[in-house]
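Reader: Hi! Could we chat about the charged pairs in this one?
Author: Happy to, let's bring it up.
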Amino acid sequence: MAGPGLKDATAIVGIGQTAFAKHLPEDEKTLACRAVLAALDDAGIAPGEVDALASYTMEETDEVELAKAVGFGDLTFFSKVGYGGGGSCATIAHLAAAIATGQATVGVAWRSRKRGSGLRPWTSTAVQLPTPAQWTRPFGLLRPADEIAMLTRRYMHEYGATRDHLFHVALACRNRANQNPAAVMYERPLTRALYMTSRWISEPLCLFDNCLETDGALACVVVGKERARDCAARPVYVHSAAQGLPAQHHGMVNYWNDDPLTGPAWTAARHLWKHADFTPDDVDVAQIYDAFTALIPLSLEGYGFCGRGEGGAFTEGGALEIGGRLPINTGGGGLSEAYVHGFNLVNEGVKQLRGTSTAQVPGAATCLVTAGEGVPTSALLLRS
């Protein structure tokens with residue numbers, strides 16, 4: 001997706017978000033409209049100039065309703081990406097491709113969700129038994145937490161990763177949330193004792209290994225590089241983008257192929273780096289999808305920051321903190337800021353490269369943003 005014609009051809013010029021909470025009174029459409037209008041205001045672009053949209057297949061607010069409510073012009077491109085959190089970065093990638101090829105000029109990507117006060121997706125009996133799930137859900141793997149717990153246990157068995165390694169992930173995200181007034185966990189510090197004594201959700205994943213359940217919405221505005229120079233906010237360029245669906249993959253229950261721990265991140269990463277002018281060693285800060293702590297070491301390996309089986313050890317010595325080898329999820333991530341299918345990671349990446357994050361990495365000029373590992377996924381390399 002990120003060939004020579006896409007590299008640095010577009011930029012994110014506006015970001016917006018609502019408040020985050022366990023329960024917000026507004027419906028998802030209202031939250032979506034507010035986030036989109038905030039992003040357009042940030043960019044200094046009028047709603048009538050928008051001619052492209054991208055979101056998730058799981059998004060309840062459709063293009064027609066959003067366009068009428070916000071006041072868009074004629075739309076010439078619109079797309080939706082599947083697989084929940086795996087689609088976050090792909091929404092930006094689709095807009096970048098559309099704008100770079102002349103299909104549109106001003107794109108908006110968004111996600112609005114009432115995950116905190118709404119229904120849990122896996123409670124719908126109508127979608128309980130797609131083909132892969134017929135081999136797992138009748139035997140007790142009912143929730144995403146159960147499915148990732150199985151992969152986590154395998155990872156621990158194969159490579160000696162420990163609960164302390166998972167704690168390092170949870171702590172890094174919570175520490176950044178404690179610096180972010182917009183984060184759900186802003187004033188709630190985490191200690192090792194609190195982590196180690198918390199209840200199991202699906203062993204070996206405890207309460208603090210699982211993401212938040214949040215109401216909220218976020219949006220981004222994407223334009224071409226020429227237009228970006230004249231926008232109100234500092235542009236953040238889409239340097240490279242990729243999606244990844246490995247051969248013979250089973251989403252969330254990738255247990256039957258030759259190497260269950262080689263997930264979609266590996267496929268996306270090969271394409272992402274192939275079209276980039278820099279390498280993992282050149283990434284200043286990363287926003288890595290964290291619906292579960294175990295996804296961080298798996299993603300660190302998949303995106304090339306360490307070797308196979310080294311993701312757990314990579315987290316040691318404050319490596320994920322500000323000043324460490326690779327500061328991650330500097331707004332708090334899905335574990336401690338908000339869980340809105342990873343879209344807050346995109347916005348936080350933009351804030352880092354603008355220099356406006358609440359946990360700013362000094363001199364940050366490059367940022368990796370990833371979508372959900374364990375499902376067909378996507379990723380972005382952003383640069384200032």
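Reader: Which residues are linked with K29 in a network of salt bridges?
Author: E65 and K68 are linked with K29 in that network. A salt bridge here is a side-chain nitrogen of Lys or Arg within 4 Å of a carboxyl oxygen of Asp or Glu. This is a predicted model, where local features need pLDDT of at least 70, side-chain atom pairs count only at pLDDT 80 or more, and totals for chains, interfaces and linings use all residues. Residues are numbered from 1 along each chain as its sequence is written, and side-chain values use heavy atoms, leaving out hydrogens and water.
Reader: How many salt bridges does the structure hold?
Author: The structure holds 19.
Reader: What about R154, which side chain does its own meet in a salt bridge?
Author: That of E158, at 2.5 Å from N to O. Helices are DSSP runs of H or I with at least four residues, numbered from the N terminus.
Reader: New topic: where does D164 lie, and where R192?
Author: D164 is in helix α5 (residues 163–177) and R192 in helix α6 (residues 192–196), so their pair ties together parts 28 residues apart in sequence. Their side chains form a salt bridge of 2.8 Å, N to O.

Technical notes. Helices (H or I, at least four residues) and strands (E, at least two) are DSSP runs, numbered from the N terminus.
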